[in-house]
Amino acid sequence: MHTPVIGTSDGDLRVMVLREFNAATYQLRLHTDARSPKIGRIANDPAMAVLAYDAEAKVQIRVRGVGAVKTTGADIDAIWDEATNFAKRCYLAEQGPSSVSARQTSGLPGWAEGINPTADQIAPARQNFAVLYITVTEFDWLYLANTGHRRARITILPDRAGWKGEWLVP
Ligand SMILES: Cc1cc2nc3c(=O)[nH]c(=O)nc-3n(C[C@H](O)[C@H](O)[C@H](O)COP(=O)(O)O)c2cc1C
């Protein structure tokens with residue numbers, strides 16, 4: 001479930017890397033480019049969906065949640081500092097994701113292609129880095145078994161006052 005499908009309220013879907021799940025706050029953490037169109041869509045309507053399947057565990061998870069994007073603050077600086085310069089390189093793209101280009105392109109400035117940038121070279125990329133938090137409000141757990149599948153819906157109670165679960169027919 002390292003690369004779930006992330007859905008925005010406009011119905012668009014994309015694969016993203018799941019960086020962390022905080023079990024205390026029920027928050028998923030993902031990283032993205034602050035210039036990406038999905039940032040504006042989440043600001044307009046923060047309703048989000050997440051879909052993940054672990055083929056080995058035979059478990060599907062379907063999440064409903066609320067998105068929030070953060071670009072500044074000591075916490076975001078610390079997350080940025082943890083990433084390798086190579087991982088940070090995609091945030092050097094000269095134009096944001098989904099910008100139309102006259103030719104096929106990585107979006108990176110020519111000098112950045114095929115290199116592992118230095119700390120100085122990577123510094124301007126910080127302004128394009130955003131963290132997307134999705135706070136889980138409800139999720140659907142489906143376990144596939146030859147003996148009979150199992151399914152449950154878990155609802156997170158407001159103010160993190162625990163959760164409520166109910167079995168569903170798969
Ligand atoms: C395996 C994989 C991992 C990806 N990880 C991320 C990610 O962590 N963050 C991200 O913004 N896009 C990631 N992408 C790219 C997105 O799927 C998508 O193409 C990009 O974010 C642009 O989406 P948008 O037009 O909805 O903003 C990943 C794609 C793949 C195939």
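When residues are sorted by class here, Ala, Val, Leu, Ile, Met, Phe, Trp, Tyr, Cys and Pro go down as nonpolar, Asp, Glu, Lys and Arg as charged, and the others, Gly among them, as polar. Keep that in mind as we look at this predicted model, starting with its ligand.

Which residues sit around the ligand? They are Arg14, Val15, Met16, Val17, Arg19, His31, Thr32, Ser36, Pro37, Lys38 and Ser98. Split by class, this shell comes out as 4 nonpolar, 4 polar and 3 charged residues.

Threonine 32 puts a polar side-chain atom 2.6 Å from an oxygen atom of the ligand. How much of the ligand does the protein cover? On its own the ligand has 620 Å² of accessible area, and the protein covers 59% of that.

E4 runs antiparallel to strand E3 (residues 18–22), and 4 bridges join the two. One spot to look for is leucine 18, which stands opposite leucine 30 in E4. Together E3 and E4 make a hairpin, with 4 residues between the strands. In that turn, check out tyrosine 26: its phi is positive, at about 60°.

Technical notes: Residues numbered from 1 in each chain as written. Predicted model: local features only at pLDDT ≥ 70, side-chain atom pairs only at ≥ 80, totals over all residues. Heavy atoms only, no water. Near = heavy atom within 4 Å. Polar contact = N/O pair within 3.5 Å; in protein donor to acceptor, adjacent residues only side chain to side chain. Areas by Shrake-Rupley, 256 points an atom, 1.4 Å probe, with all protein chains shown as cover. Pairing = 2+ DSSP bridges.
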